[in-house]
Amino acid sequence: MDEVTFRSDTVLSDVHLYTPNQRHLMVRLNGVGQPVFLSQFKLLWSQDSWTDSGAEGGHLRDAHSWEFPPAGSGSPGSIPGSGHSREGSPLQAGADTFGQEGAGAQLDEDGDLDVEEDDITGDEAPESPHSVIRIEHTMATPLEDVGKQVWRGALLLADYILFRRDLFQGRTVLELGAGTGLASIVAATVARTVYCTDVGADLLAMCQRNVALNSHLAAAGGGVVKVKELDWLKDDFCTDPEAPFSWSEGDIADLYDHTTVLFAAEVFYDDDLTDALFATLSRLAHRLKNACTAILSVEKRLNFTLRHLDVTCEAYDHFRSSLHALEKLAHGKLRFVVEPVEASFPQLLVYERIRQLELWKIVAEPAA
Ligand SMILES: C[S@@+](CC[C@H](N)C(=O)[O-])C[C@H]1O[C@@H](n2cnc3c(N)ncnc32)[C@H](O)[C@@H]1O
């Protein structure tokens, strides 16, 4: 295989940066020749209650009572949710990447490496299949491929979904810019139908593969994930039956008739895309039959710029002014109420919940 080269515009998510890298296994090359890795994200569920009574009855374990982390996945004594370990070293991200030595690597019919159920890295006991989410992702990408990595905001959003199960229970929901699909997969443990959307056939194929890898999680609660193309830069859905991940008329009708929650993680990094996303949110909210709530996660990234000779967070500032503009929208049949969500809900996935990670709620309701 050619050496992996890191271009100057290559970005790496903190989620993968802090993954132990001593035994990375590349499971395959994707359609455009990028190395794909498989990681598992532990869910701090009470597994007994999940298996006893299904997703409905399953309850969440107190993150602080979880014996964490297992060997090889972080510093001993880390405190989920605190961002610090008891020893004072930084919390590791909650992903294990499957390792070469532990893997009984086999080729599937396409020549991809298959990683079996018992290929878990390290010495830890096998996890219940209901306590891990397995995600294929790339490790570092140019900016146009950032959706192939898992971002911290997706983990924050997933935590919120599990905390606000009431909002998602039995509902039809839509994720915008889903990337690897992690938040949609979590939503499907509660929701009835999840429309998991993004752009690009290669990314959507990776997302579809992740949905299939975790289908037992959705099935336990009766949920279904439909991976579809939804481009914020286009006014309409792709309905070409020849195109992969296109929409059927039935899907579109179902989306408009039943959707009550929209959500998106870490999609505010380019001002033009932010504008397109807000336009899409507003357009969808106006077309939906029911009132809807949108949940957005964002990480306030501080950068030093030569232009300002100062530390700025321009993408975040643009996001905040877009929220403000949405709230001030005076025309149309809806009004949008925007409020920050305090990130004090339990942490059931392991990542560093830094202060810069934010969650925002937008409620679209009929204008008086
Ligand atoms: C930083 S990634 C976040 C991915 C995922 N939500 C997460 O947090 O792990 C931004 C996502 O926005 C998607 N995106 C960018 N432009 C888009 C567009 N015009 N329409 C739909 N999605 C777009 C990207 O493909 C990518 O998946």
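**Around the ligand and across the fold**

Let's start at the ligand: a polar side-chain atom of Asp231 lies 2.9 Å from one of its nitrogen atoms, a polar contact being a pair of N or O atoms within 3.5 Å. A backbone N or O atom of Trp232 lies 3.0 Å from a nitrogen atom of the ligand, and a backbone N or O atom of Trp151 lies 3.0 Å from an oxygen atom of the ligand. On its own the ligand has 590 Å² of accessible area, and the protein covers 94% of that (Shrake-Rupley method, 1.4 Å probe).

This is a predicted model, in which local features need pLDDT of at least 70, side-chain atom pairs count only at pLDDT 80 or more, and totals for chains, interfaces and linings use all residues. Residues are numbered from 1 along each chain as its sequence is written, and side-chain values use heavy atoms, without hydrogens and water.

The shell around the ligand holds 21 residues, and Trp151, Gly177, Asp198, Asp231 and Ala265 come nearest (near means a heavy atom within 4 Å). By class, the shell has 14 nonpolar, 4 polar and 3 charged residues, with Gly counted as polar.

Now look beyond the ligand. Side chains of opposite charge can pair when their charged atoms come close. Arg353 and Asp159 form a salt bridge at 3.0 Å, N to O (Lys or Arg side-chain nitrogen within 4 Å of an Asp or Glu carboxyl oxygen). Arg353 is in the loop between β18 (334-341) and β19 (357-366), while Asp159 is in helix α3 (residues 152-163), 194 residues apart (DSSP runs of at least four residues for helices, H or I, and at least two for strands, E).

Note on methods. A polar contact is a pair of N or O atoms within 3.5 Å; within protein, one must be able to donate a hydrogen and the other to accept it, and residues adjacent in sequence count only if both atoms are side-chain atoms.
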